[in-house]
Amino acid sequence: QKLPFVNVFGVSNTGYPKLQSFSIPGGWIIDETTESYTWFVRKLKETFWPASGTGPKLFVTDNEQASLEPLKVFFPESERALCVVSEVIYLHITTY
């Protein structure tokens, strides 16, 4: 069985004028269901942003429908954007 990997990283302007990216957590989930993403997003929130009303300003996703609802529930103030680059990369990786 293939386990989907959820990769989370951040971007900061700490190194102004250059943006710096950094890895936060990552993890394998059993499948790409709302239940699995809910577990992952809940743990992400509890671990890195436990205070109410805190969290990232933006989540960029591949528009996996199962991941969108947990993000709305646990990070209601955060925006969500679609990353189409991930789909292009996936298409090229699967050909090799």
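Visitor: What makes the nonpolar surface patch of about 450 Å²?

Guide: Leu3, Phe5, Trp28 and Ile30 make this patch. A patch takes residues with over 30% relative accessible area and no salt bridge; like charges are joined within 9 Å, and nonpolar side chains (Val, Leu, Ile, Met, Phe, Trp, Tyr) within 5 Å. A salt bridge is a side-chain nitrogen of Lys or Arg within 4 Å of a carboxyl oxygen of Asp or Glu. The model is predicted: local features need pLDDT of at least 70 and side-chain atom pairs pLDDT 80 or more, whereas totals for chains, interfaces and linings use all residues. Residues are numbered from 1 along each chain as its sequence is written, and side-chain values use heavy atoms, without hydrogens and water.

Visitor: Why is Trp28 called exposed?

Guide: Exposed means over 50% relative accessible area, buried under 20%, and partly exposed in between (1.4 Å probe, protein chains only). Trp28 has 57% relative accessibility, so Trp28 counts as exposed. Phe5, at 44%, is therefore partly exposed.

Visitor: Why is the pair of Phe5 and Trp28 called edge-to-face?

Guide: Rings of Phe, Tyr and Trp (its six-membered ring) pair if their centres lie within 6.5 Å; planes under 30 degrees apart count as stacked, over 60 as edge-to-face and the rest as tilted. By this rule there are four aromatic pairs. For Phe5 and Trp28 the centres are 4.8 Å apart and the planes form 65 degrees, so the pair is edge-to-face. Phe5 is in strand E1 and Trp28 in strand E2, 23 residues apart. Helices (H or I, at least four residues) and strands (E, at least two) are DSSP runs, numbered from the N terminus.

Visitor: Which residues make up the largest nonpolar core?

Guide: This core has 12 residues in all, including Trp49, Phe59 and Phe75. A nonpolar core is a set of buried Ala, Val, Leu, Ile, Met, Phe, Trp, Tyr and Cys residues joined through side-chain atoms within 4.5 Å. H1 gives the largest share, four residues.

Methods: Accessible areas come from the Shrake-Rupley method with a 1.4 Å probe; for residues, only the protein chains shown count as cover.
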